[in-house]
Amino acid sequence: MSAFNDSPIALYDTLLRDGSQMEGIAFSLQDKITVARRLDSLGMHYVEGGFPGSNEKDKAFFEQMKAQPLERAKLVAFGGTRKPGSDVESDFNVVALREAETPVVTFVGKAIASQVKTVLNTSREENLSMVRESVQYMSSIGREVHFDAEHFFDGYKQDPDYTLNVVSTAYRSGAQYLILCDTNGGAMTHEVIEAIRAVRETLPDAKLGIHTHNDCDLAVANSLAAVSEGVEQVQGCLNGYGERCGNANLSSIIPNLQLKMGMRVVEDHQLQEITTASRFVAELANLPMNGLSPYVGASAFAHKAGYHVAAVVKDPNHYQHIEPAAVGNDRRVLVSELSGKRNIQFKLEERGHDLPLTQEETTALLGQVKQMESRGFQYESADASFELLALRSRPDYQAPFVLDDFLVIERRRPGAIQTTNGGDESLMMAEATTKIRVGDDLFHTTAGGNGPVNALDGAARKGLEQAFPELAAVSLLDYKVRIIDTDAGTEAQVRALIESTDGHRIWTTVGASADVIEASWIALADAYEYYLLHREQWQQDDDQSAG
C-alpha cells in the first residue's frame, strides 16, 4: 500500500497559498510549479496550489498542472463559499474553483458569528446557506471537499452553538474534512483541546483537520495537541511561512509526528529529505534560512561548549534528541573560546585532517583559538579559517602565497553627480596596489574598485591569477562587517566574514582588526588560500562524480 493510505495523518501543505502571503515572498508561476513538485516528492498528501478566483497567476498555475498532474499528492484549489445572495453555480469564486479541475476543493467559510455580520454583512442563516450550498454543489460534481472553518477557535469562545452549527452544516453537506482554523493564532493549547472535544461530541464520525497560525508561538504545539485529540489532517507550511508570524511549521511537525509520536506519515527516505527541501524552499523564496530552526536549521545539531562536545563524542545521545541523519541534517562541532580540546580534535577529523597533534599541541592550538577570539576573530561560523589556523601551527606547513605589502588610496572626486537641489555630490574613487609573493615570484598589481575592499580584492586577484589561473573560479557570495566593541567608537575592532564559492562548494573565512581593510584582507586571503589547498582534491571529486 502507498504511504498515503497507510498514514494515520494527512499532511496538507498550504505554502503556495497561505505561505505565499508572508511578507517578502513572491513566487513566480514557475516557482509555484517547482515547489508543488518538491512537496509532492516529499510526501505531502495534499498540496494547496492557490486561490484561482483571486489572481491570474494562480489561475494559470492550475491550467498548467492539468497537463502534468502531481504523481502522488492531491492538488487542492482554495476559495471562498458563494457570496451572500448569489447563485452557487454562477458565483465567480465557485466557478473558478470548478474550472481549476483539481481533485480537491477547500472552501473557507466564516465560523464566527460576529464576523458574519461585520465582514460578510449578512445574516447567520445566510452564512449557513452559503456553506451548505457551496459544499453540496462541489460534492455533487465529484470533487473531494474540505471546509476551512475560519476563526473557529475565536468563534467557539464567542458563541459556541453557532460555530458548531457552521461545521455541522458543512459536514452534513458533504465535506470530507472539517478544518478547525486558529486564524488569528491566538488560541492557547488548552483552548484548542477543549474546542476539539466539543466538536467530537457533536460530530463523532467527522474527519477533523487543524490549521494554526503562530502569533503566540504555539502553532506547532497546538497542531500536535490536536493530533493527540484525534485530528486526522494537519495543515501548515514548510519553514512555517505565512502571514504575520507564519503558519504551523511542517518542517518541525513532520519529524515530531514520525520520530516522537510514532506516527508514520512519510517514508524514511522522504523524512531524510526534509532538511534539503526546507532549504530549497527558502532559497526559492529568496529568504534566509533560519539557522535555529528545529530539525532542519544549520544550528539544530551544533555543539559549542567543550563539555558538551566531550560527551557527544562518547555518545551523541547525551546532547542530541535524535540522530541528525534521520532528517537529513548533520552534527556540527563549533570551535570558539568556549571550546575544549575535544572540540579541536573533532573539528579537524570532521574536516578530513588526520593531524598527529600531541596533547601539548592540541592545548596550544586551543589557546591560540581563544587568543584570536579575544582579538575579534570568531571561528564557529568560519570553519575554513579555523582549518587554516590549525594547519599553520604545523612546522612543515607552507602557504601558497604571501602578501608582502598593499596600499589602498581613496579619493573624493567633486562634481561627479548633480543632486536634486542643484548642488554637486562627490563620487568616491578607490584604488589598491598589492605585492604578493608566490615562491620566488613577486606580483605587483593595481586595480580600481567600488570601494577600498573591492579594489583590494581586484588587485590581489590580478596578481594571484597569474600564478593560479584556477582562482578565476572563485567568487564571493557574501561579505559582512561587524563592529565588535561599539563603545570604542571609530577605534573599534571590526570583524569581517566572507562567504566564497567555486560554484560547487561554499566556505567561510574571518578576519579581525581595528582597520576594516586589514580585517577584510585577512578574510579574503584565507578564502583564496583555502581554495588553493583543496582545489586538486575537489577537482578529483568532481571528475569522479561526472564519471
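Predicted model: local features only at pLDDT ≥ 70, side-chain atom pairs only at ≥ 80, totals over all residues.
**View 1. The protein as a whole.** Let's start with the overall picture: 19 helices and 16 strands make up the secondary structure of the protein. Of its 547 residues, 50% are buried. Among contacts with a separation of 6 or more, 67% join residues 24 or more positions apart. The accessible surface of the protein is about 25000 Å², and carbon and sulfur atoms account for 47% of that area.

**View 2. The second largest pocket and its lining.** This pocket holds about 560 Å³ of space. Two or more lining residues come from each of β3 (74–80), β4 (104–110), α6 (124–140) and β5 (144–150). The top contributor is β4, with 3 residues.

**View 3. E529 in helix α19.** Here we zoom in on E529, which belongs to helix α19 (residues 516–546). Is E529 buried or exposed? E529 counts as buried because its relative accessibility is 4%, and the cut-off for buried is under 20%.

**View 4. The surroundings of E529.** Which side chain makes a polar contact with the side chain of E529? That partner is R392, at 2.8 Å. Setting aside neighbours within four places in sequence, E529 also touches L388, Y397, A399, P400 and F401, along with R392 itself.

Note on methods
Residues numbered from 1 in each chain as written. Heavy atoms only, no water. 1 Å grid on protein atoms, 1.4 Å probe; cavity = no way out; pocket = protein on both sides within 12 Å on 5 of 7 lines; lining within 4 Å. Points joined across faces, edges and corners; volume = space filled by probe spheres on them. Helix = DSSP H or I, 4+ residues; strand = E, 2+ residues; numbered from the N terminus. Buried < 20%, exposed > 50% of the residue type's maximum accessible area, 1.4 Å probe, protein only. Polar contact = N/O pair within 3.5 Å; in protein donor to acceptor, adjacent residues only side chain to side chain. Contact = heavy atoms within 4.5 Å. Areas by Shrake-Rupley, 256 points an atom, 1.4 Å probe, with all protein chains shown as cover.
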